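Subject: Structure handover and findings

Hello,

I am passing a structure on to you. Please open it alongside this note.

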Amino acid sequence: MTMRTLALLSCWLLTACSNEPLAKDQASKYVITGKCTPDRLAAAIEDHQDATLIVDFGPNSPNLAETTKAAKRATPPFGISVGYAPQEGTEIADAVIVVDTGATAAIDLALLTCNGIALPAKRTEIGTRTITSANRAAGGSSRVAPGDAWLAFLRGQHQEILTTTPDTDVMYSIGLIACDPGVPWQTAAAAAANAAANRYPQVQLINAASGGNATTPAQQATGLIAQGCRVLLVTTGDSAQTKAIAQIAENGPDGAVPIIVLDPAVQGEHGTCVIGCSANTLGEAAAAIVNQLLPEGGSMIVCFGTDSEGRVQGFCKAMGFATDRLLGR
C-alpha cells in the first residue's frame, strides 16, 4: 500500500463516523460524502477534506488534475474523470475513462453498407479505454463491451473493403446529421466521425449544413440524399428524430437509405442500427478503478451535471450504492 493510500485511508477513518454519507455500499467500505456540479468542483474539493477520491462524470468539468492540485490538500485525493481522450501534453487525473462516441465504428459500418453488406437493426454497445500516466503512450487499456466482438468479426471478415489503400477510385458519399449540434457529445461525435472518415480516401463524409431552427434533421436528410449520400449517420438521443429522418430515407432514389445512429444511451427505440458506449459500461469502468485505487475502501465526491446522471446511475449500480439521496432533488 502506498503512503498516499495510507494517508487518505487514515483521513477517511477519522471522519467517516461523523458524516452521514449520501450513499454507501452494504459493507460501508465505500461511501459518497459529497456531490457537486462541474462548476463547483474546486469548492467541493475544499469543502470535503475527508474525501479520498474524486469521481468526475462531467460534462464540461475543469481539468480534474489541475483543480485537485490547486486545492493544496496535504494529501491530494485520487482522481477519476470520465470524458473524452485527453489532449497530448495535458495533465491528467489518476485515471481517465474515455467516452467512445462510436463514430469510428459507424464509419466502418457505413463503408461496409455502401459495399452491399446488410446491417441488422440492432443495438451495438461498445467498450471504453482507461488512460493513466503509465499507459498513456500506449493509448490506454481496453474494457470491451458486447458489441466489440461483433465489430471485430465484421472488420476481420471484410478487410478488403475496410482498406485505406483502395485499388479503385470509387467514392462513397456518407451523410452526417447532428440533430442537436450544440450538445457537447454530439459535437464530439461529429468531430470523431470526420476524423474516422478522413482515414479512407474512398469515403466522402458530407456534413449537413446547419440552418438553425428553420432546418430540421428531416430536411437535412432530404438534402444529403439529394447529394448522393448512400448512408446517413445521425447523432441523437431522441428516437422521434430518427423516425422522422427514416420517413425521408425510405424514399431514396435507389431505395431506402440506411441509417446508423450514434446514441450514448444505445436505445433500441431508434429502430435501426445504433451504436454507443453506454452509461453502464462507463460506470463499471469507473467502479473498477475505484477498487484498484482504494482497495481498503474510502470516501469520495462525485461531480456530475444533468447530462451525466446516467453515468452516475451506472456507477452506483456497479458499486452497490443507492441513488435516492445522491440524485434526488
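This is a predicted model: local features need pLDDT of at least 70, side-chain atom pairs count only at pLDDT 80 or more; totals for chains, interfaces and linings use all residues.

The pocket

Start with the largest pocket. It holds about 960 Å³ of space. Its lining comes to 44 residues. Nearest the centre are Pro59, Val82, Gly83, Tyr84 and Arg311. By type, the lining splits into 23 nonpolar, 14 polar and 7 charged residues.

Which helices and strands each supply at least two residues of this lining? The helices are H3 (64-70), H6 (184-197), H9 (279-293) and H10 (309-319). The strands are S4 (78-83) and S13 (273-276).

Arg311

Is Arg311 buried or exposed? Its relative accessible area is 15%, and buried means under 20%, so Arg311 counts as buried. Leaving out residues up to four places away in sequence, Arg311 touches Phe57, Val82, Val99, Ala279, Leu282 and Gly283. Ala288 is 23 residues from Arg311 along the chain, and their C-alpha atoms are 14 Å apart.

The cores

Next, the nonpolar cores. The largest has 66 residues. Met300 and Phe315 make the most contacts inside it. Helix H4 (residues 103-114) gives the most to this core, with 9 residues. Another core, of 17 residues, lies apart from it; Ala249, Ile259, Val261 and Val266 are among its members.

What does Met300 touch, not counting residues up to four places away in sequence? Its partners include Tyr30, Val31, Ile32, Thr33 and Gly34. Leu53, Val55 and Val290 are also among them.

Glu125

Last, Glu125. This residue lies in strand S6 (residues 123-125). Its relative accessible area is 19%, under the 20% cut-off, so Glu125 is buried too. Two polar contacts of its side chain can be checked on screen. One is with the side chain of Arg123, at 2.9 Å. Another joins it to the side chain of Ser278, at 3.0 Å.

Beyond its neighbours within four places in sequence, Glu125 is in contact with Ala145, Pro146, Gly147 and Asp148, among others. The list also includes Val266, Gly276, Ser278 and Thr281.

Best wishes

Technical notes: Residues are numbered from 1 along each chain as its sequence is written. Side-chain values use heavy atoms; hydrogens and water are left out. On a 1 Å grid over the protein atoms alone, a cavity is a set of points where a 1.4 Å probe fits but cannot get out, and a pocket is an open set with protein on both sides within 12 Å along at least five of seven lines; lining residues have an atom within 4 Å of a point. Grid points are joined across faces, edges and corners, and a volume is the space filled by probe spheres set on the points. Helices (H or I, at least four residues) and strands (E, at least two) are DSSP runs, numbered from the N terminus. Ala, Val, Leu, Ile, Met, Phe, Trp, Tyr, Cys and Pro count as nonpolar, Asp, Glu, Lys and Arg as charged, and the others, Gly among them, as polar. Buried means under 20% relative accessible area, exposed over 50%, partly exposed in between (1.4 Å probe, protein chains only). Contact means heavy atoms within 4.5 Å. A nonpolar core is a set of buried Ala, Val, Leu, Ile, Met, Phe, Trp, Tyr and Cys residues joined through side-chain atoms within 4.5 Å. A polar contact is a pair of N or O atoms within 3.5 Å; within protein, one must be able to donate a hydrogen and the other to accept it, and residues adjacent in sequence count only if both atoms are side-chain atoms.
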